[in-house]
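I begin with the pockets and then turn to the rings.

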Amino acid sequence: GSIGVVGGDSGHTGDSNPAPVTGMAAVSNPLASVIPPDPTKLTCTAGGTLTGSVGPAVAGGTVCYSGNVTLKNVTLRQGTFVFTGNVTLSGSITSGTGGSTIDIDSGALSISTGTTLALIAPTTGTYSGIALMEPVTNTNQITIQKGDASGSITGIIYAPSAELFLQDSGGDKSGGLTLVTDLIVGTLFDKTATLSLQSYSSVVPSSPLVKVALVE
């Protein structure tokens, strides 16, 4: 419904609908109370290339992978996935029943050309509503829609200190990604021909960004 910018904007902003309003006052982080998992308190498995069904042994649990990881043709079991290194998504990446949260603790996230996503945030638990997450200490870029990536991300992208880079026209060759999300990011770099976002919180009433108040 609106676009507010703290400071200024640049590039092709004249075709933005609605037009950006610049010079806005900064707002506080609405999810500042969300504390990502601490990998030093987890037992982390060596990364590498993961395929097939991966994730916590117990639905809704947490699993940790150390080093650089490639997820290739993977179904993510319900729960939280913590990665201490760089993460590359390749092939088909699907959230299974119950949804999943990907937490990039200290590395960067990138998506290979031709990747098909079906990432869905959980609607219960500590990280309900969050599909992709980086702690405030991680400033590494999240690169989405590279080449002809397609599919969907349904859930909040929470990376308050990082840049979210949307690239390559939203994946022209196969229609691009459908983003049902709310963005809490340090910087948004939009390099797509057309960017269309639907608010996750307007679709999912249990979103942590929706507040309920009792009034008389």
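What volume does the largest pocket have? I looked this up first, keeping in mind that the model is predicted, and found a volume of about 2,100 Å³ for the largest pocket.

**Entry: lining of the largest pocket**

I noted that 44 residues line the largest pocket, and that I3, G4, V5, L183 and L188 are the closest to its centre. I then looked up which elements give two or more residues to this lining, and they are β13, which covers residues 183-191, and β14, which covers residues 197-198. Of the elements, β13 gives the most, with eight residues. When I sorted the lining of the largest pocket by residue class, I wrote down 20 nonpolar, 20 polar and four charged residues.

**Entry: the second largest pocket**

I went on to the second largest pocket, for which I recorded a volume of about 150 Å³. Among the residues that line this pocket I found G60, T62, Q78, T101, P122 and Y127. Its lining divides into two nonpolar and nine polar residues, with no charged ones.

**Entry: aromatic pairs**

How many aromatic pairs does a search of the whole structure find? I wrote down two.

Y65 lies in strand β2 (residues 61-76) and F83 in strand β3 (residues 79-83), so that the pair links distant parts of the chain, 18 residues apart. I also checked whether these residues are buried: Y65 is, with a relative accessible area of 8%, and F83 is buried as well, with a relative accessible area of 0%.

The other pair that I recorded is formed by F165 and F189, which are stacked with 4.6 Å from centre to centre and 25° between the planes. This pair, too, links distant parts of the chain, with F165 in strand β11 (residues 156-167) and F189 in strand β13, 24 residues apart.

Notes. Residues numbered from 1 in each chain as written. Predicted model: local features only at pLDDT ≥ 70, side-chain atom pairs only at ≥ 80, totals over all residues. Heavy atoms only, no water. 1 Å grid on protein atoms, 1.4 Å probe; cavity = no way out; pocket = protein on both sides within 12 Å on 5 of 7 lines; lining within 4 Å. Points joined across faces, edges and corners; volume = space filled by probe spheres on them. Helix = DSSP H or I, 4+ residues; strand = E, 2+ residues; numbered from the N terminus. Nonpolar A, V, L, I, M, F, W, Y, C, P; charged D, E, K, R; others polar. Phe/Tyr/Trp six-rings, centres within 6.5 Å; stacked < 30°, edge-to-face > 60°. Buried < 20%, exposed > 50% of the residue type's maximum accessible area, 1.4 Å probe, protein only.
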